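Hello,

Here is the structure I promised to hand over. Please open it first, then read the notes below it.

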Amino acid sequence: MSDVVVGVDLGGTKTAAALVDAAGAIGPVRSVATPAQAGPAAVLDAVAGLVREVVARGGPLTAPDGSVTPLAAPERIAGVGVGTAGVVDTRTGTILASTDAFRDWAGTDVRGGLRTLLADLLDGGPLTVENDVDAHAGGEVWQGAAARFDSALMVAVGTGVGAGIVLDGRPLRGARHVAGELGHLPSPDAVGLRCTCGRVGHLEAIGSGPALRRHYLRLGGSPAAADARAVCVRAESGDPLAARAVADAARAVGRAIAGAVTMLDPAAVVVGGGMSEAGPIWWDPMEATARAELIEPLTEIPLLPSTLGPVAAILGAARTVQQSV
Ligand SMILES: [Zn+2]
């Protein structure tokens, strides 16, 4: 079982990891809270501890076809692939930029730090670091909604808005590692609204979950709705302000997707993240707006929900480290 790697999905609130083999079979997913406000050293310690726990507990591995193979705890692993929040220089494994959700995350040498902490387990094997939405996209193209396509735009809408672009089966990182940062596209729906990056008028300022809730409050909605999920529940039970807030946020995302599709002409679009799971109340205005904006040859592009859910980024990060050798 020398081909087994560990895939890690390092998010602002939670870090999840699992063993993954070369055929895409995945072991039990384990997770810990991410100490994102405690600083980079604490985060890297938490990730390394989780990787050790995943390896120590072993299998079984579940293949994409559902078959299950037992796996004893491996002594060494063939690599670790990490998908993390933030803009990542994939050549060095360093964080170039990040939001306030992670204290002091920008500048962190994730690869170097984890290599040191996991030296015995890795035994010189590869360790790759990439953006979490790129990892999510890689997972969906490998085994998920985009598996039958050689190019795809993967859009994640949750606490932020991001995208991963896969062309000819490989992720497009960009010259400065920023390709796919859809949330920071200027949006006609976000005029005057402050973005998490500090600028004004970007998509994330209206399209993300927290932004949707702020929009609802601005419209005069009840502060008792604690998050975007609560606003969606209110929208479904007939609160007209909630319905308007959800539709406005969804339309902003749809318009941005149409722009990205027009630029890239990918074979398919996959939409994941927490907002994509809100149901037709969010999905329908998002899709209708995207299709209305697209010119003729693009209007029938498949717009698909993410099928792998929380394991997508784990699988994609594992795939990246497998392909790095
Ligand atoms: Zn921005």
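What follows is a short tour, from the domains down to one helix.

Keep in mind that this is a predicted model.

Domains first. The protein chain splits into domain 1 (5–137 + 311–323) and domain 2 (148–306). Their C-alpha centres are 26 Å apart. At the contact, twelve residues of domain 1 meet 16 residues of domain 2. On the domain 1 side, strand E7 (87–89) and helix H4 (132–143) each supply at least two residues. H4 gives the most, with four residues. By class, that side of domain 1 has six nonpolar, four polar and two charged residues.

Next, a sheet. Five strands make an open sheet with mixed pairing, in the order E12-E11-E10-E13-E14. Strand E12 (170–171) and strand E14 (303–305) are the edges, and each pairs on one side only. E12 runs antiparallel to strand E11 (residues 161–167), and two bridges join them. Val166 stands opposite Pro171 in E12. Helix H8 lies across strand E10 (152–157), E11 and strand E13 (268–272). The angle between H8 and E10 is about 160°.

Last, helix H6 (residues 209–218). Seven of its ten residues are buried, so H6 is largely enclosed by the rest of the structure. Gly209, Ala211, Leu212, Arg213, Arg214, His215 and Tyr216 are the buried ones. They pack against helix H5 (204–207), helix H7 (228–236) and helix H8 (240–264). After H6 comes Gly220, with a positive phi near 105°.

Best wishes

Notes. Residues numbered from 1 in each chain as written. Predicted model: local features only at pLDDT ≥ 70, side-chain atom pairs only at ≥ 80, totals over all residues. Buried ≥ 20, exposed ≤ 12 C-beta atoms within 10 Å, placed from the backbone. Contact = placed C-beta atoms within 7 Å. Pairing = 2+ DSSP bridges. Axes fitted to C-alpha atoms, helices over the stretch in contact; angles between N-to-C directions. Domains from an automatic or database assignment. Nonpolar A, V, L, I, M, F, W, Y, C, P; charged D, E, K, R; others polar.
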